Amino acid sequence: MKAIKLLTTALIVSLFLSACHSNTSDETTREDDNMNNEAASTEATTANATKGITQKDWGNANGKPVHLFTLTNANGVQVSISDYGGTITSFVAPDKTGKKESIVLGFNNISGYLAHPPYFGATVGRYGNRIAKGKFTLNGQTYTLATNDGQNHLHGGNVGFDKVVWTAGAINANNPQLSLSYLSKDNEEGYPGNLNTTVTFTLTDDNALRIDYNATTDKATPLNLTNHSYFNLSGDVNNTILNDWLMIDADRYTPVDSTLIPTGQLAPVKGTPFDFTTPHQIGERIAHVPGGYDHNFVLNKKDTSLTLAAQVTDSSSGRKLQVYTTQPGIQFYTGNFLNGSIKTDEGKPINKHTAFCLETQHFPNSPNTPSFPTSILQPGQTYHYVTEYRVSTIK
Ligand code: GLA
């Protein structure tokens with residue numbers, strides 16, 4: 001009897017002790033997370049650098065659970081992507097000394113995204129970029145979309161693909177690849193047709209993040225999917241991107257009106273601040289571009305093969321980014337609307353020109369500009385295009 005009593009007491013005491021212990025360690029982890037998110041993510045990066053994909057719970061959005069997936073290749077390059085908005089939250093790449101830092105703007109917690117930063121890392125749709133006055137006519141019917149950018153429609157409307165929860169496909173722990181799917185219902189945000197979209201992210205061992213976009217529809221619809229990552233190759237928003245060297249393989253661009261809608265012209269870049277056919281520093285001529293760069297470039301390509309569209313190098317970190325695409329255009333945006341009101345997890349203000357976007361796309365306002373390549377997906381067709389972001393270093 002005595003022995004049983006003793007045993008029970010010992011059991012209760014040890015249960016109590018272990019409960020206390022796990023509480024303490026939980027709290028410590030949470031506290032550390034809150035105090036230093038940046039450090040936590042860097043730690044995760046180095047601790048977890050086995051080739052493959054990991055998944056973690058990442059809270060809730062729109063009443064649904066969301067997740068964060070981290071893809072790692074054989075060289076330890078890592079890309080994290082959330083099923084909320086199909087958002088790239090970090091892209092960790094080495095500089096010329098081997099130091100790994102994220103080269104995109106992003107947050108470690110879902111709360112950063114629920115505050116709706118301007119499309120940081122998001123998958124944008126149904127129509128990336130602008131549709132004039134939120135109207136277009138297709139097969140004799142006029143459709144009206146949200147005007148969420150002054151008088152124009154921008155990036156899919158009030159609740160674009162950047163603000164919905166996507167469904168992740170099965171993952172294979174050893175393969176750094178993630179597929180996200182989203183069914184956009186007929187009339188969602190005013191667009192026609194049930195549109196089934198799958199976006200597949202693959203991190204290759206030659207340090208390319210490849211994005212495959214696929215979609216089908218049951219009614220003709222405009223479609224222009226893109227990714228809206230904001231890059232700062234130095235890994236630190238205290239540095240602007242104005243000294244970065246940029247090449248865009250485009251002899252022409254699409255000039256815009258005061259509301260950023262293309263005039264319909266394909267204007268030569270030669271002799272203008274838009275000539276990046278040979279590398280120029282982003283800041284060299286930006287003062288001559290009112291508001292900064294926010295323009296679509298007409299890529300020099302004859303077909304839809306995967307070709308180099310743009311290249312950026314940051315001499316100080318030695319990081320180089322190359323953008324390959326099968327698309328006809330690319331939007332070059334210099335973070336003109338960033339104004340310091342959004343802060344990084346470390347509390348650094350994200351100021352104007354501290355990041356650039358290179359959004360591969362069809363030309364803005366194509367649904368209202370018959371002379372531009374068509375952006376209409378027909379029922380029975382499969383939309384498929386590819387963009388790759390390749391990272392490397394220079395000496
Ligand atoms: C795109 C647009 C810009 C701006 C950003 C988001 O790149 O072209 O004008 O709206 O998205 O702020």
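A: F231 is buried, and so is Y389; buried means under 20% relative accessible area, exposed over 50%, and partly exposed in between, with a 1.4 Å probe and protein chains only. This is a predicted model, in which local features need pLDDT of at least 70 and side-chain atom pairs count only at pLDDT 80 or more, while totals for chains, interfaces and linings use all residues. Residues are numbered from 1 along each chain as its sequence is written, and side-chain values use heavy atoms, with hydrogens and water left out.

Q: How many aromatic pairs does a search of the whole structure find?

A: The search finds 23 aromatic pairs. Rings of Phe, Tyr and Trp (its six-membered ring) pair if their centres lie within 6.5 Å; planes under 30 degrees apart count as stacked, over 60 as edge-to-face and the rest as tilted.

Q: What do F161 and Y182 form?

A: F161 and Y182 form an edge-to-face pair, at 5.2 Å centre to centre and with 70° between the planes. F161 lies in the loop between strand 10 (153-154) and strand 11 (167-168) and Y182 in strand 12 (residues 177-184), so the pair ties together parts that are 21 residues apart in sequence. Strands (E, at least two residues) are DSSP runs, numbered from the N terminus.

Q: Are F161 and Y182 buried or exposed?

A: Both F161 and Y182 are buried.

Q: Back to F231 and Y389: why is the pair tilted?

A: The ring centres of F231 and Y389 are 5.3 Å apart and their planes are at 45°, so the pair counts as tilted. F231 lies in the loop between strand 16 (226-227) and strand 17 (245-248), whereas Y389 belongs to strand 27 (residues 383-393), so the pair ties together parts that are 158 residues apart in sequence.

Q: Which residues do ring pairs link into a cluster?

A: The cluster consists of W58, F107, Y113, F120, Y230, Y333 and F337, linked by ring pairs.

Q: And which residue lies over the face of Y324?

A: R390 lies over the face of Y324, at 3.8 Å from the ring centre. Likewise, R285 lies over the face of F276, at 4.8 Å from the ring centre. A charge sits over a ring if NZ of Lys or CZ of Arg is within 6 Å of the ring centre and within 35 degrees of the ring normal.

Q: Let us turn to the ligand. How many residues surround the ligand, and which are the closest?

A: The ligand is surrounded by 14 residues, and the closest are R130, H155, H228, D294 and E359. A residue is near a molecule if one of its heavy atoms lies within 4 Å of it. The shell divides into seven nonpolar, four polar and three charged residues. Here Ala, Val, Leu, Ile, Met, Phe, Trp, Tyr, Cys and Pro count as nonpolar, Asp, Glu, Lys and Arg as charged, and the others, Gly among them, as polar.

Q: How far is a ligand oxygen atom from an N or O atom in the side chain of D294?

A: That distance is 2.3 Å for D294. For the side chain of R130, an N or O atom is 2.6 Å from an oxygen atom of the ligand, and for the side chain of E359 the corresponding distance is 2.8 Å. Taken alone the ligand exposes 300 Å², of which the protein buries 95%. Accessible areas come from the Shrake-Rupley method with a 1.4 Å probe; for residues, only the protein chains shown count as cover.

Q: New topic: where is T334 found?

A: T334 is in the loop between strand 24 (329-333) and strand 25 (357-361). At 0% relative accessibility, T334 counts as buried. Its side chain makes a polar contact with the side chain of N336 (2.6 Å). A polar contact is a pair of N or O atoms within 3.5 Å; within protein, one must be able to donate a hydrogen and the other to accept it, and residues adjacent in sequence count only if both atoms are side-chain atoms.

Q: Now the backbone. Which peptide bond is cis, with omega near 0°?

A: The bond from G125 to R126 is cis, with omega near 0°. R126 lies in the loop between strand 6 (123-124) and strand 7 (130-131).

Q: What is the phi of K133?

A: K133 has a positive phi of about 55° although it is not a glycine. K133 is exposed, with a relative accessible area of 52%.

How values were computed:
Helix = DSSP H or I, 4+ residues; strand = E, 2+ residues; numbered from the N terminus.
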